[in-house]
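Colleague: Hi! I'm new to this one, could you walk me through it?
Modeller: Happy to, let's bring it up and start with a sheet.

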Amino acid sequence: MKEDQKVYDITILGGGPTGLFAAFYGGLRNASVKVIESLPQLGGQLATLYPEKYIYDVAGFPKIKAQELVNNLKEQMAMFSPTVCLGQAVTGVEKLEDGTFKLVSNDEIHYSKTIIITAGIGAFQPRRLELENADKYEGKNLHYFIDDMNKFAGQRVAILGGGDSAVDWALMLEPIAEKVTLIHRRDKFRAHESSVEQLKNSKVEIITPYIASDIVCNEEAIEQLIVQEVRGENTKTINIDSLICNYGFVSSLGPIKDWGLEIEKNSIVVNSKQETNIPGIYAAGDITTFEGKIKLIATGFGEAPTAVSNAKAYIDPKARLQPMHSTSLFE
Ligand SMILES: Cc1cc2nc3c(=O)[nH]c(=O)nc-3n(C[C@H](O)[C@H](O)[C@H](O)COP(=O)(O)OP(=O)(O)OC[C@H]3O[C@@H](n4cnc5c(N)ncnc54)[C@H](O)[C@@H]3O)c2cc1C
């Protein structure tokens, strides 16, 4: 297993909006920061579950698309170039004798003086396409995440699913792909009404009620998708360049529950300093609970600077808890 021997001041566990803002704030407070995210992309629920939805309750933005907010947070965080590790779920945390934390992910060992857990509703895993050999094409032309729409330009794309993400991606790819086919096991889509209305007026080919039943592949790619009528015998063969599977995500706190943290209703209990019951481990955002807690992006943005400033004071008791205003820090 790889090992990064550098001991960071703050390691942020989870790259959702709270984690990204905490990473920026850590930089602002002169801390060395590492962000570890289990998914291959940053942005948490916003990028994974509703990238194309407008958010109306982030202070200062009358409305902003979720993915655009994520892009802004990434740009803001990049001011301080924190280390970002993607595709690594942290499974174990241990406090060493000298007080340093050792974090173990599926891929690497990390060290840190403090930890801020911003793991939201836990590590996401896509519900995978359960067809024989499908796993061989993950990362080739079978996709569960879309990080760059442009790679689908001019392609024949099939999308599986009937929720918001499937419908959003179908609408977004329709203008740039050669053809988009959306396959859902029910006639009715679970997506937002206005998106479904837009879908009906688009050039997206809709095949319902059908499910994926087989794939025809060469060494490198899935070439054809076979779909079968639900409760029927009819099948259709679709020639494809890319297959996007949007069967949703499952999330779980998983091993976080075994780190000795006080957990209540699947959330980590924190005090007004965002401290957990383990000195040196803080938490912020959707993962936390306390009396009166509200789970919103805006509250995560408030909790992040509190967690960072208290982590900073934990590392260096002489450090100011109250930060300088950002307006005073730059020329
Ligand atoms: C459909 C929908 C619409 C919403 N609309 C709004 C809205 O309009 N306004 C609003 O304020 N809120 C809205 N929310 C809620 C909002 O998305 C959450 O409050 C917000 O995402 C919380 O941010 P977070 O960073 O705390 O957690 P998350 O966004 O959940 O991010 C946590 C990240 O941590 C990662 N992670 C978890 N465990 C580990 C681990 N062990 N190792 C490494 N990484 C890990 C996860 O993969 C994830 O990327 C909506 C939510 C949904 C589902």
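Colleague: Which residue in β13 is the bridge partner of T181?
Modeller: That's E205. Keep in mind that this is a predicted model. Strands β12 (residues 179–183) and β13 pair in the parallel sense, over 3 bridges.

Colleague: And what is the strand order of the open sheet?
Modeller: The order is β10-β17-β11-β12-β13, 5 strands with parallel pairing. β10 and β13 are the edge strands, each pairing on one side only.

Colleague: Which strands does helix α4 touch?
Modeller: Helix α4 (residues 164–173) packs on the sheet and touches β11, β12 and β17. The direction of α4 makes about 165° with that of β11.

Colleague: New topic: which positions does UniProt list for "binding site"?
Modeller: The unreviewed UniProt entry lists T18, E37, Q45, Y50, V90, F124, D286 and T327. The farthest two C-alpha atoms in that set are 36.6 Å apart, so the residues do not all gather at one spot.

Colleague: Which of this set are in the lining of the largest pocket?
Modeller: T18, E37, Q45, Y50, V90, F124 and D286 are part of that lining.

Colleague: Is F124 buried or exposed?
Modeller: F124 is buried, because its relative accessible area is 7%, under the 20% cut-off.

Colleague: Last one: what does the side chain of N310 reach?
Modeller: The backbone oxygen of K273, at 3.5 Å. N310 lies in helix α6 and is buried, at 10% relative accessible area.

How values were computed. Residues numbered from 1 in each chain as written. Predicted model: local features only at pLDDT ≥ 70, side-chain atom pairs only at ≥ 80, totals over all residues. Heavy atoms only, no water. Pairing = 2+ DSSP bridges. Helix = DSSP H or I, 4+ residues; strand = E, 2+ residues; numbered from the N terminus. Contact = heavy atoms within 4.5 Å. Axes fitted to C-alpha atoms, helices over the stretch in contact; angles between N-to-C directions. Buried < 20%, exposed > 50% of the residue type's maximum accessible area, 1.4 Å probe, protein only. Polar contact = N/O pair within 3.5 Å; in protein donor to acceptor, adjacent residues only side chain to side chain. UniProt positions renumbered as here; feature names shortened; annotations may be inferred. 1 Å grid on protein atoms, 1.4 Å probe; cavity = no way out; pocket = protein on both sides within 12 Å on 5 of 7 lines; lining within 4 Å.
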